[in-house]
Amino acid sequence: MQVEDIYKKIYLKLNRMGVFDVRQYAVIEKPPFTPLCIDRIADDCYALSQNRVEEGSVISDPDVEIRIDHKKKVAEPTSYQDRSVRKIVYPKPGMVNLQMKNELASFLDRWLDDLLSQGFIRHQ
């Protein structure tokens, strides 16, 4: 698979889920699964997270920031965090961690497949 293709696949999955329709913040609930939170951080940036409550605290596990290019119809994860780790694709301006870029793209592609199979689509 070409690298560019995975970013197109991610874009199409986000579009199918209704992520790009979110203007500020939305939650999709599909019991018994952990709700999916969609945050629109900027015109070209969204965060997806599944937040569960443990001992009274909200835990984002995972929380992924995704940069969108609507003209090219591609979406690229730029950061990932859960309760134990934070991973960043662009640690400094002009610097790219290619291993992290590939790892996060693969993770997001699989996670979106799981979310879609669980029914996490905004308007059904």
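Two strands are taken to pair if DSSP finds at least two bridges between them, where strands (E, at least two residues) and helices (H or I, at least four residues) are DSSP runs, numbered from the N terminus. This is a predicted model, in which local features need pLDDT of at least 70 and side-chain atom pairs count only at pLDDT 80 or more, while totals for chains, interfaces and linings use all residues. Residues are numbered from 1 along each chain as its sequence is written, and side-chain values use heavy atoms, with hydrogens and water left out.

**View 1. An open sheet is formed by 6 strands.** The order is S1-S2-S3-S4-S5-S6, with antiparallel pairing; S1 and S6 (86–88) are the edge strands, each pairing on one side only. From one strand to the next the twist averages 25°, with axes being lines fitted to C-alpha atoms (for helices over the stretch in contact) and angles running from 0 to 180 degrees between N-to-C directions.

**View 2. S4 and S5 pair in the antiparallel sense.** Their pairing extends over 7 bridges, and Glu65 has Ser79 in S5 as its bridge partner.

**View 3. Helix H2 lies across S2, S3, S4, S5 and S6.** H2 runs at about 100° to S5.

**View 4. The largest nonpolar core has 32 residues.** Such a core is a set of buried (under 20% relative accessible area, 1.4 Å probe, protein chains only) Ala, Val, Leu, Ile, Met, Phe, Trp, Tyr and Cys residues joined through side-chain atoms within 4.5 Å. Leu14, Leu36 and Leu48 have the most contacts inside this core, and H2 supplies its largest share, 8 residues.

Key. Buried < 20%, exposed > 50% of the residue type's maximum accessible area, 1.4 Å probe, protein only. Contact = heavy atoms within 4.5 Å.
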